[in-house]
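User: Hi! Could you walk me through a few spots in this protein?
Analyst: Happy to, let's take a look together.
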Amino acid sequence: MTHRILIKNGTVMTLSEGDAQFGATRRADVLIEDGRILEIAAGIEAADVETIDAADCLVMPGLIDSHRHVWQTAARGVCHDDTLKGYMREMRFLRAKAYRPEDIRIGNWVGMLEAINAGVTTVFDFSHCINTPEHADAAIEGLRNAGARAVFAYGFNNVPLEQKGFADVAARCADLKRVREKLLPNDDLLVTMASATSDMPICGIEQLAVEVQASRDLGLRVSIHTNTWEYPERPPEVAVLNEHGLLGDDLIFVHTNLSTDDEIAMVANSGGWIVSTPETEMQMSMGPSVIGRFMRAGGKPTFGCDIISNNSGDLLVQARLGLQTQRMLDNAEVLRSRHAADDVEITTRDMLKAVTVNGAAALGMESRIGRLEPGMDADVILVRTDEINTMPIHDPVATLFLHVHPGNIDTVLVAGKILKRNGRLLADMAQVKRELLASHEFVNREIARSGVTLPEGYQAD
């Protein structure tokens, strides 16, 4: 049976305009039929529709988070004063060992609800706590339960378990293929598939090459943490990948802050992508953001919330930090010449592109999401513009990008299904609280019982 939704009386920002008009708005209605946008026009009249009144709301595409470890939701804030070394000890080498498949499912389900609440309709889930095949299955179940759009990136990273869930990288490649063929063969559904490689300083280029090739054989995009650690013998990871002929437009690099300008140009010239997660990078000694260098090399940056064990799930916070940090870096260069800056190079519209159209393209979904156009999937958010922090509207992009918080997100639709309405998630919040707290308490009990914090032979420096 056909289901139609009519969003009436909104201020519509399609993000379909050219560069000069990007972020322009107009008063219009949006007609949705069976999960896709049918028409955008003023004064649409349609019968047999569910009507959403968007008066005093900005109607726009949902935000796109290109890098988040969604499984960590129940560990919210445990790494608040950690460097990267502390994060590795606390999450990757300690808590990850205690996670059951059930904990992965709960973390992914609730984490996606958090994203929806903040107006994020698509998340690239870098799932690097796949201790067994059952953990992978549970992660996918959690993503599906939330109802949002997600890319499940199957993680190759090994957690230091007493009893290994996978004998070697070949076993993980076999399970990658199982998940692709049995669980996520269709790239047109809400939950699709990618891969998340091991970290090169841990696994080496030979194993990383195997992981990348196994992923490409299955038609998957590949996400890689690169040039994140600083130590005297650190290899130039992007350059090493280039030397081995592994660069390509299907690679999504994360952080990459310690890369040289030549390496940044290699990524841009190959058509690859870089995801910045400024809050993590600033705290955890990963080096200055690469947003400016990547854009100047011709690249299109994207953003992610990264680790809920430290950061919130508000993607706009990450993009704001990225914008203002880059402005600070650019201004510092001018100040060295004993002059004041005359203008800013990177704009709020550049960063709005990063969390919408660029994110869609990075995930290979630019024909489906990131803009509001007839025929595209109806991933739509309504942002209130009549609240104390959003009025008056001088520039809609400025208000959205610099002033809006999750409490201003009135309504969220993914593929035409309403997941948040009138400022409230349409989820059983009592069940959310019960299951999330139970998972959190279980992991804490397991950690207290084991008393083990680091794998045998691990050197912190």
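Analyst: One cut-off to start with: angles of 65 to 115 degrees between axes count as roughly perpendicular. Also, this is a predicted model.
User: Okay, so at what angle do helices α11 and α14 pack?
Analyst: The angle between α11 (residues 315-335) and α14 (residues 396-403) is about 105°, and their axes are 8 Å apart. The two helices are therefore roughly perpendicular to each other.
User: Which residues meet there?
Analyst: From α11 you have Leu316, Ala319, Arg320, Leu323 and Gln324, and they meet Leu400, Phe401, Leu402 and His403 of α14. By class, that contact has 6 nonpolar, 2 polar and 1 charged residues.
User: Switching topic: is Lys420 buried or exposed?
Analyst: Lys420 is buried, because its relative accessible area is 1%, and buried means under 20%. Lys420 sits in strand β17, which covers residues 417-421.
User: What does its side chain find in there, say from Ile409?
Analyst: A polar atom of the Lys420 side chain lies 2.9 Å from the backbone oxygen of Ile409. The C-alpha atoms of Lys420 and Ile409 are separated by 8.5 Å, with the residues 11 apart along the chain. Lys420 also touches others, including Ile116, Asn117 and Asp410.
User: Last one, how many disulfides does the structure hold?
Analyst: There are 0 disulfides. For Cys79, the nearest cysteine sulfur is that of Cys129, 13 Å away. Cys79 counts as buried, at 0% relative accessibility.

Key
Residues are numbered from 1 along each chain as its sequence is written. This is a predicted model: local features need pLDDT of at least 70, side-chain atom pairs count only at pLDDT 80 or more; totals for chains, interfaces and linings use all residues. Side-chain values use heavy atoms; hydrogens and water are left out. Axes are lines fitted to C-alpha atoms, for helices over the stretch in contact, and angles run from 0 to 180 degrees between N-to-C directions. Helices (H or I, at least four residues) and strands (E, at least two) are DSSP runs, numbered from the N terminus. Angles under 35 degrees count as roughly parallel, over 145 as roughly antiparallel, 65 to 115 as roughly perpendicular and the rest as oblique. Contact means heavy atoms within 4.5 Å. Ala, Val, Leu, Ile, Met, Phe, Trp, Tyr, Cys and Pro count as nonpolar, Asp, Glu, Lys and Arg as charged, and the others, Gly among them, as polar. Buried means under 20% relative accessible area, exposed over 50%, partly exposed in between (1.4 Å probe, protein chains only). A polar contact is a pair of N or O atoms within 3.5 Å; within protein, one must be able to donate a hydrogen and the other to accept it, and residues adjacent in sequence count only if both atoms are side-chain atoms. A disulfide is a pair of cysteine sulfur atoms within 2.5 Å. Lists of a residue's contacts leave out its neighbours within four places in sequence.
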